[in-house]
Amino acid sequence: MKLSIPATLLASAFAGTIARSQSLPNNFPLLDGSGFVETYNLNNAPISLTGAFFQSLGTNGRSCSSCHLPTESWSVSAAEIQLRFLLTQGTDPIFRTNDGSNCDHSIDTSTLEGRRSAYSLLTSRGLIRIALPVPANAQFTVQSVNNPYGCNETSTVSVYRRPLPATNLRFLSTLMWDGRESTAPSTVKIAYPNTGQLLADLAHQAIDAITGHAQGAVPANAQVLDIVNFETALQTAQALDFQAGSLSNAGGNGGPVALAAQAFFIGVNDSFPASFGNNPTGAPFNPAIFNLFNSWTNSPVRQRASIARGEVVFNSKPITISGVAGINDVVGLPPSFSGTCGTCHDSPNVGDHSVSAALNIGVADIDSPLNVSYLPVFTLVNNTTHAVIKTTDPGRALITGQWADIGKVKGPVLRGLASRAPYFHNGSAATLSDVIQFYDTRFGIGFTAREKADLIAFLNAL
Ligand code: HEC
Ligand code: HEC
């Protein structure tokens, strides 16, 4: 347990102060479990906290900032939601039954006890319920849903997802865990060169968030533009580590200002062979994804040396990649090969996937190495072969209707991790240690205790 109660309380005191002020100074240090996270405004000005992003534009009191907070890398942590439940007795606008509760029926939110049980996935795992219709042309049928909270419908199904950070957006190759805001009708797939597709998708996403999460009417164009301009100017990263000190000292290149200078284009450093043509420059893949802390290799500060070693583990520890739908089943790629963390997290110094590539690494599997017993189990039957798959989240298959897309999600940005636990789309990794445990077991990596500790120190410094 990394985040102690006093740290949480202090963070909340910060959050309270922020809520009452009109703006946040640029690069203002905000406390998290391992140090301070900062957001740099690309316009090099204070971050205004009064724009459309912070306004209630719907009918249930919610704004974008109900689920995307500067203190939490513009996502939200389960610890902060727990505290908000405590302080408001479960009445803060994040606690709404349209998608904040485990299910939208068979619940009683009139009493504190009722609310505690209705919002248990939100307070324990930071999960929002996303209801998605099974596509009419799907190659499969949802035969049954075993949902512990009562949402057992099979034509529109309920999945549970973590809010993704509304920052560092210029590095995205696809929007939402399942890419649905980049491939829904009237959106455009983000491609090279990105001439506005990302902005169009973000506008579409903002409208869906206001009509969905906030239960509002379609907003005015000016409001949508204000939101997109606001969120695309944000660059967020861990800036200080309690034990290592400033992450941009002594040759370190951590923190959001260095991140703001990071070049990116769709396909940069893609890990697929050049013959796939995903990288427009044709340059070969370089597994050294992160080069932020090279200068700390021989640092006398113990935590700095550990962070530098963790970066090397990320960049070079061999991982046998097999059974990953979206990689090993792609024509032209082997069914098993030796890769690294960067095979999937290939975007330099950012760590998301530089091309739109949904993957199934097994996080939603019913036999995931992590506990997923709090999630529903879907039984899907292939309409042609009658094969059966049981999963806790059909993932991208709910968007494309493709059998091959079951369980696939995107590889997310790996910056600002320390302030936004839990991890993975379903919150099944309560800590970064759980994330490493997942990879170690799923891929049989065989990390030493020191490699694990170094990798965690490194990920906390991103
Ligand atoms: C009730 C909580 C909630 C509210 C309110 C909310 N979001 Fe989100 N947001 C989420 C969740 C959950 C996801 C991920 C859902 C998924 O991928 O299925 C998400 C994803 C996103 C993403 C995608 C980032 C990425 O990496 O793909 C952006 C951008 C975003 N939200 C912006 C906004 C904006 C702008 C608003 C206000 C108009 C808003 N959100 C309101 C919960 C919320
Ligand atoms: C085979 C592809 C692949 C490899 C290899 C891989 N990842 Fe991932 N990673 C993903 C995908 C896909 C996700 C999203 C999975 C989900 O949420 O279901 C993810 C998610 C994560 C997250 C959670 C981020 C968040 O916002 O919740 C972290 C942290 C992470 N990976 C770190 C690593 C590290 C460290 C390694 C090397 C030990 C690694 N990954 C290796 C594909 C991969």
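How far is an oxygen atom of ligand 2 from an N or O atom in the side chain of arginine 420? The separation is 2.8 Å in this structure, which is a predicted model in which local features need pLDDT of at least 70, side-chain atom pairs count only at pLDDT 80 or more, and totals for chains, interfaces and linings use all residues. Residues are numbered from 1 along each chain as its sequence is written, chains are lettered from A and ligands numbered from 1 in the order in which they are written, and side-chain values use heavy atoms, with hydrogens and water left out.

**Surroundings of ligand 2**

Ligand 2 is surrounded by 23 residues, of which the closest are Cys341, Cys344, His345, His425 and Tyr439; a residue is counted as near a molecule if one of its heavy atoms lies within 4 Å of it. By class, this shell holds 17 nonpolar, 4 polar and 2 charged residues, where Ala, Val, Leu, Ile, Met, Phe, Trp, Tyr, Cys and Pro count as nonpolar, Asp, Glu, Lys and Arg as charged, and the others, Gly among them, as polar.

**Surroundings of ligand 1**

Around ligand 1 there are 27 residues, and the closest are Cys64, Cys67, His68, Met176 and Arg180. The shell of ligand 1 comprises 17 nonpolar, 4 polar and 6 charged residues. Strand S5 (128-133), helix H6 (197-211) and helix H7 (221-232) each contribute at least two residues to this shell, and the largest share, 5 residues, is that of H6; helices (H or I, at least four residues) and strands (E, at least two) are DSSP runs, numbered from the N terminus.

| Residue and part | Ligand atom | Distance |
|---|---|---|
| Phenylalanine 424, backbone N or O | Ligand 2, oxygen | 2.8 Å |
| Tyrosine 439, side-chain N or O | Ligand 2, nitrogen | 2.6 Å |
| Tryptophan 177, polar backbone atom | Ligand 1, oxygen | 2.8 Å |
| Histidine 213, polar side-chain atom | Ligand 1, nitrogen | 3.4 Å |
| Lysine 410, polar side-chain atom | Ligand 1, oxygen | 2.8 Å |

**Glutamine 235**

Glutamine 235 belongs to strand S8 (residues 234-241) and is buried, with a relative accessible area of 0% (buried means under 20%, calculated with a 1.4 Å probe on protein chains only). Leaving aside neighbours within four places in sequence, glutamine 235 has contacts with residues including Glu38, Tyr40, Asn168, Phe171 and Leu259, contact meaning heavy atoms within 4.5 Å. The side chain of glutamine 235 also makes a polar contact, at 3.4 Å, with the side chain of arginine 170; such a contact is a pair of N or O atoms within 3.5 Å, and within protein one must be able to donate a hydrogen and the other to accept it, while residues adjacent in sequence count only if both atoms are side-chain atoms.

Notes. Buried < 20%, exposed > 50% of the residue type's maximum accessible area, 1.4 Å probe, protein only.
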